[in-house]
Amino acid sequence: MSARRLPLMCGIVGYVGSQSALDVVMAGLKRLEYRGYDSGGVAVLSDGGLAAAKKAGKLVNLEKELVERPLPAGTTGIGHTRWATHGGPTDANAHPHLDNAGRVAVVHNGIIENFAVLRAELAERGHELNSETDTEVVAHLLAEEFSATADLAEAMRLVCRRLEGAFTLVAVHADDPDVVVGARRNSPLVVGVGEGEAFLASDVAAFIAHTRSAVELGQDQVVELRRDGVTVTGFDGRPAEVHSYHVDWDASAAEKGGYDYFMLKEIAEQPKAVADTLLGRIDPSGSLTLDEVRISPSELREIDKVVIVACGTAFHAGMIAKYAIEHWTRIPCEVELASEFRYRDPILDGRSLVIAISQSGETMDTLMALRHAREQGSKVLAICNTNGSTIPRESDAVLYTHAGPEVAVASTKAFLTQLVACYLVALYLGQVRGTKWGDEIQAVIKDLSRISEEVERVLETMEPVRALARTLADKDTVLFLGRHVGYPVALEGALKLKELAYMHAEGFAAGELKHGPIALIEEDVPVVVVVPSPRGRSVLHDKIVSNIQEIRARGARTIVIAEEGDEAVVPYADHLIRIPATPTLLQPLVATVPLQVFACELATARGNEVDQPRNLAKSVTVE
Ligand code: F6R
């Protein structure tokens with residue numbers, strides 16, 4: 001993968017059936033707009049011809065274009081929502097890309113590394129390429145191969161064998177009007193199978209309104225969609241086994257459900273997401289049954305080190321997991337940013353357990369880190385929210401979080417469920433290794449089972465947090481402090497504010513203040529402090545109360561998040577946000593929620609796009 005290009009995460013939809021392909025594809029694209037939103041396009045096969053429309057900007061621009069210049073009706077079509085990589089977000093660079101005769105249309109997610117060579121070859125053979133994209137070469141190559149084979153799937157296989165890089169491709173050809181063909185290498189693509197119709201998409205959200213029956217595509221596979229079924233082969237043409245599965249999500253889960261933003265909906269869904277992630281993982285006796293973790297208890301007993309790799313918010317979940325894993329299992333645990341991991345030649349072997357945490361399951365940095373870990377002989381356990389995505393597929397084992405689709409770019413419910421999954425893994429390790437007694441595990445599980453209600457209670461008391469956020473909309477800087485597990489919570493609060501409110505926000509370990517950051521404190525700078533429970537290690541609590549006094553004496557406006565009944569903080573809190581009392585290690589599950597609400601409200605007050613912050617997209621599929 002190249003580092004010089006922008007991240008990409010386009011959305012792709014393909015359809016063949018009896019409905020209006022344009023309607024199905026446009027509705028699917030809307031569901032996928034979170035994957036990329038700098039341009040969009042569609043192509044429809046109709047009356048022996050192919051008609052396409054594409055437009056830079058959000059999908060609404062494409063919708064307007066389709067009203068002004070309607071496409072003919074057809075029942076086979078493809079569409080794309082783009083996040084620019086090769087070439088800027090212009091109409092010409094938007095997908096689909098067509099060959100010179102306008103008979104074949106192709107959409108693409110990924111990067112074709114050898115496109116320059118292919119482009120030069122095509123130019124020599126007289127092809128005229130009209131965009132700056134790598135994708136366009138595929139349209140031309142497909143046209144050439146189709147003219148030789150008259151079989152779009154075979155043409156796709158031949159072309160794919162010549163491509164280097166990561167790609168999902170979906171194509172149609174006017175001379176094969178009842179077929180949509182897709183191909184996948186290192187990039188997501190799922191198939192939906194309905195009655196007399198079939199779908200292709202980057203994510204099931206695009207077609208769950210029509211069918212919940214899905215087919216997983218493996219690496220280097222080509223799928224041929226017809227009204228009466230799908231055929232899957234390898235790039236080499238050999239028939240492949242078809243793995244079908246049922247999608248648990250329903251259509252409404254992928255919609256905003258009456259909230260202004262997906263992020264608000266997803267924050268509100270957290271009590272359920274947390275409860276769902278525990279579901280089926282505790283047997284009636286209160287023991288953990290993580291059957292899906294396909295690493296045997298004897299292998300887990302051999303583990304002498306845990307290494308967690310993840311990015312962004314998932315990394316913060318990993319930081320918190322370290323406290324739980326080391327405390328409950330006494331196994332040394334490292335946490336590392338996935339993007340840094342393999343470049344420092346980490347010390348790994350068959351006794352290291354690597355945990356890769358990822359909501360999307362497609363984050364390239366995390367994927368590359370896990371591949372590196374497996375090359376060193378380590379076992380990899382994925383904690384992931386996206387069924388069938390690349391990270392769990394390439395791991396030895398997976399524990400799925402059950403947060404449901406997370407559409408807002410800023411991660412919220414995925415974070416809380418990642419924490420729950422991490423606690424479950426830590427407890428499971430303690431259970432199989434005997435470092436925790438059964439009754440101790442049951443006590444933590446009982447506490448975890450109550451968390452869903454506690455999160456609900458936090459959500460019910462968020463109005464003052466929203467009101468406070470609105471008063472801070474003109475501030476330049478907000479700082480966040482925490483200790484112990486409150487430190488990653490502070491980092492997460494700062495990350496949410498950066499990405500949503502575009503404000504300077506930083507999180508610090510409160511003890512580090514005196515080593516430099518305290519110089520940032522000046523009159524009326526808001527400082528959010530996450531206070532550990534006074535019922536836990538009292539020294540932690542006392543120290544942070546001193547830290548609050550220090551910053552307040554220097555003019556900071558203190559926003560204190562403290563558990564109910566903690567009276568010691570009251571004199572030093574300009575604003576006090578109460579959270580329910582929880583065991584120390586579980587506090588992040590409740591302490592993070594006000595920070596999510598705070599960031600969301602501040603972003604709204606500053607007029608920012610909450611669900612699609614600038615420069616960001618939901619899954620980052622390049623390094
Ligand atoms: C922040 C955020 C990102 C992701 C990160 C990893 O709100 O969403 O920092 O957490 O890009 O993504 P996943 O979990 O999909 O690997």
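## Helix α16 against helix α18

In this predicted model, helix α16 passes helix α18 in a right-handed crossing. The axes of α16, which covers residues 486-501, and of α18, which covers residues 588-605, come within 9 Å and cross at roughly 20 degrees. Because angles under 35 degrees count as roughly parallel, α16 is described as roughly parallel to α18.

On the α16 side, the contact is made by Val489, Glu492, Gly493, Lys496, Leu497, Leu500 and Ala501, while α18 contributes Pro588, Ala591, Thr592, Leu595, Phe598, Ala599, Cys600, Leu602 and Ala603. Divided by class, the residues of this contact between α16 and α18 are twelve nonpolar, two polar and two charged.

## Helix α9 against helix α16

Helix α16 also packs with helix α9, which spans residues 312-329, and here the angle is about 170 degrees with the axes 9 Å apart. Since an angle over 145 degrees counts as roughly antiparallel, α9 is roughly antiparallel to α16.

The residues of α9 that make this contact are Gly312, Thr313, His316, Met319, Ile320 and Tyr323, and they meet Tyr487, Pro488, Val489, Leu491, Glu492, Leu495 and Lys496 of α16. The contact of α9 with α16 comprises eight nonpolar, three polar and two charged residues. Val489, Glu492 and Lys496 of α16 are among the residues listed for the contact with α9, and they are also among those listed for the contact with α18.

## Helix α1 against helix α2

Another helix pair is formed by α1, residues 21-32, and α2, residues 59-68, whose axes come within 11 Å and cross at roughly 160 degrees. That angle makes α1 roughly antiparallel to α2, and the crossing of these two helices is left-handed.

Leu22, Met26, Leu29 and Lys30 in α1 meet Leu59, Leu62, Glu63 and Leu66 in α2. The residues of the contact between α1 and α2 divide into six nonpolar and two charged, with no polar residue.

## Domains and their contact

The domain assignment divides the protein into domain 1 (11-253), domain 2 (262-455) and domain 3 (463-605). The C-alpha centres of domain 1 and domain 2 lie 34 Å apart, and the contact between them takes 13 residues from domain 1 and 14 residues from domain 2.

The area buried between domain 1 and domain 2 is about 1100 Å², and carbon and sulfur atoms give 51% of that area.

## Backbone features in two loops

A cis peptide bond, with omega of about 5 degrees, joins His95 and Pro96, and Pro96 is found in the loop between β4 (76-82) and β5 (97-98).

Asp47, although it is not a glycine, has a positive phi of about 50 degrees. The place of Asp47 is in the loop between β2, residues 39-46, and β3, residues 49-56.

Methods:
Residues are numbered from 1 along each chain as its sequence is written. This is a predicted model: local features need pLDDT of at least 70, side-chain atom pairs count only at pLDDT 80 or more; totals for chains, interfaces and linings use all residues. Side-chain values use heavy atoms; hydrogens and water are left out. Axes are lines fitted to C-alpha atoms, for helices over the stretch in contact, and angles run from 0 to 180 degrees between N-to-C directions. Helices (H or I, at least four residues) and strands (E, at least two) are DSSP runs, numbered from the N terminus. Angles under 35 degrees count as roughly parallel, over 145 as roughly antiparallel, 65 to 115 as roughly perpendicular and the rest as oblique. A crossing is left-handed if the near helix is turned anticlockwise from the far one by less than a right angle, and right-handed if clockwise. Contact means heavy atoms within 4.5 Å. Ala, Val, Leu, Ile, Met, Phe, Trp, Tyr, Cys and Pro count as nonpolar, Asp, Glu, Lys and Arg as charged, and the others, Gly among them, as polar. Domain bounds come from an automatic or database domain assignment. Buried area is the accessible area (1.4 Å probe) that two parts lose on being put together, summed over both.
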